Amino acid sequence: MSTGGNRAVRLISWGGPPVLTEVPRPVPTGEEVLVRVEAAGLCRSDLHVIDAPPGALPYRTPFTLGHEVAGRVAERGGRATGPAVGERVVVYGPWGCGTCARCTSGAENYCDRRPALDGERAGTGVGLGRDGGMADVLLVPSGRLLVQVGDLPAIQAAPLTDAGLTAYHAVNTVGRSLLDGGSVVVLGVGGLGHLAVQILRATTTARVLAVDVRQQALALADECGAHFGTLLRPDTAEVLRGRTGGSGADAVLDFVGSPSSLECAIGALRAGGELAVVGSGGGEVAVRKPGALPPGTRISLPFWGTLPELERVVALAREGTLRVEAEQFALSRATEVIERLRSGAVRGRAVLVPD
């Protein structure tokens with residue numbers, strides 16, 4: 001059922017460009033909640049989805065893009081819980097089954113039995129195989145997936161649901177290595193990396209070393225509180241080791257995940273250190289003994305974050321500790337903005353706003 005129109009940026013088929021089109025406006029039933037979108041973030045994960053060949057991802061087309069969403073509750077189904085109509089919210093992106101042990105603890109990002117549609121795998125969440133928030137409205141399966149943001153501006157709030165949450169979860173993942181200070185390398189100071197620098201400064205006493213291929217990204221890292229920044233070059237790992245007294249970094253957060261960034265990460269890591277690979281840049285790490293990895297290395301592949309972590313990220317933003325560097329664009333310019341992101345011309349996070 002539907003009432004009225006709903007513009008949406010949809011991936012119609014694999015290999016084709018996203019299209020801004022009109023789709024039916026959904027009507028929530030049961031536990032569902034309809035959110036009027038105020039802002040939707042755009043990131044490189046969207047590029048990975050857009051560029052994926054047929055069969056590479058467990059999704060089926062068509063679906064609406066957009067996994068970072070802020071808005072206002074517009075309508076609720078008869079059994080809906082959570083924020084009331086009129087409340088401003090962000091949408092927790094990983095949509096799990098809601099009933100397994102991980103989901104009930106708030107870790108739907110690691111759901112044991114992700115729900116399927118019509119017997120097929122339905123994707124990993126909002127905008128990733130399920131209709132997302134690059135639209136006028138978004139139908140959310142349950143009010144449990146909404147976090148209130150009060151008067152936090154929408155363009156600040158939307159990126160918190162991935163860029164902020166994933167960065168926070170990654171920092172938590174390596175946190176045990178930073179309990180006594182130490183040093184941490186942030187590889188890639190884009191949408192996620194610039195928030196990781198702020199989160200590290202707010203929640204740890206570690207020395208933060210930032211690396212990027214762009215000078216403007218290093219300037220952003222400096223604004224966010226990094227203690228040191230350097231361009232990615234063949235000798236960068238050696239430079240970083242020099243900044244840690246020769247021993248190497250206690251932890252490396254790689255928000256790029258490319259062959260060159262992973263090579264730098266391994267070269268800069270301390271024995272017994274932690275490597276969190278967050279980016280999906282196509283790089284690989286060979287795990288063997290002996291090998292290139294320092295002895296005692298712990299490797300993790302953080303994915304999104306938990307619902308309690310999103311609540312903490314929102315709290316940091318509302319108190320002014322966490323600020324998103326965002327560029328705002330009209331939803332109607334989505335295709336243009338996607339190409340800007342692809343070329344590396346976006347500083348921080350690109351955010352689309354319905355116009």
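1. Is helix α5 (residues 193–203) mostly covered or mostly uncovered? In this predicted model, α5 is mostly covered, with eight of its 11 residues buried. Those buried residues are Gly193, His194, Leu195, Ala196, Val197, Gln198, Ile199 and Leu200.

2. Several elements contribute to this cover. What lies over the buried residues of α5 includes the helices α4 and α6 (215–223), together with the strands β13 (183–187), β14 (207–212) and β16 (249–254).

3. The crossing in which α4 passes α5 is right-handed.

4. At this contact, α4 supplies Ala163, Gly164, Ala167, Tyr168 and Val171, which meet Leu195, Ala196, Ile199, Leu200 and Thr203 of α5. By class, the residues of the contact comprise eight nonpolar, two polar and no charged.

5. In soluble globular proteins, nonpolar side chains tend to be buried together. Here the largest nonpolar core has 89 residues, of which Leu253 and Phe255 touch the most other members. Helix α4 (residues 163–174) gives the most to this core, namely seven residues. A separate core, of 16 residues, lies apart from it and includes Val185, Phe228, Ala265 and Leu275.

6. Which residues is Leu253 in contact with, leaving aside its neighbours within four places in sequence? They are Ala170, Val171, Val174, Val184, Val185, Val186, Leu187, Leu200 and Ala276. Among these, Val171 also takes part in the contact of α4 with α5, as does Leu200.

Methods: Residues numbered from 1 in each chain as written. Predicted model: local features only at pLDDT ≥ 70, side-chain atom pairs only at ≥ 80, totals over all residues. Heavy atoms only, no water. Core = buried A, V, L, I, M, F, W, Y, C linked by side-chain atoms within 4.5 Å. Buried < 20%, exposed > 50% of the residue type's maximum accessible area, 1.4 Å probe, protein only. Helix = DSSP H or I, 4+ residues; strand = E, 2+ residues; numbered from the N terminus. Contact = heavy atoms within 4.5 Å. Left-handed = near helix turned anticlockwise from the far one by under 90°. Nonpolar A, V, L, I, M, F, W, Y, C, P; charged D, E, K, R; others polar.
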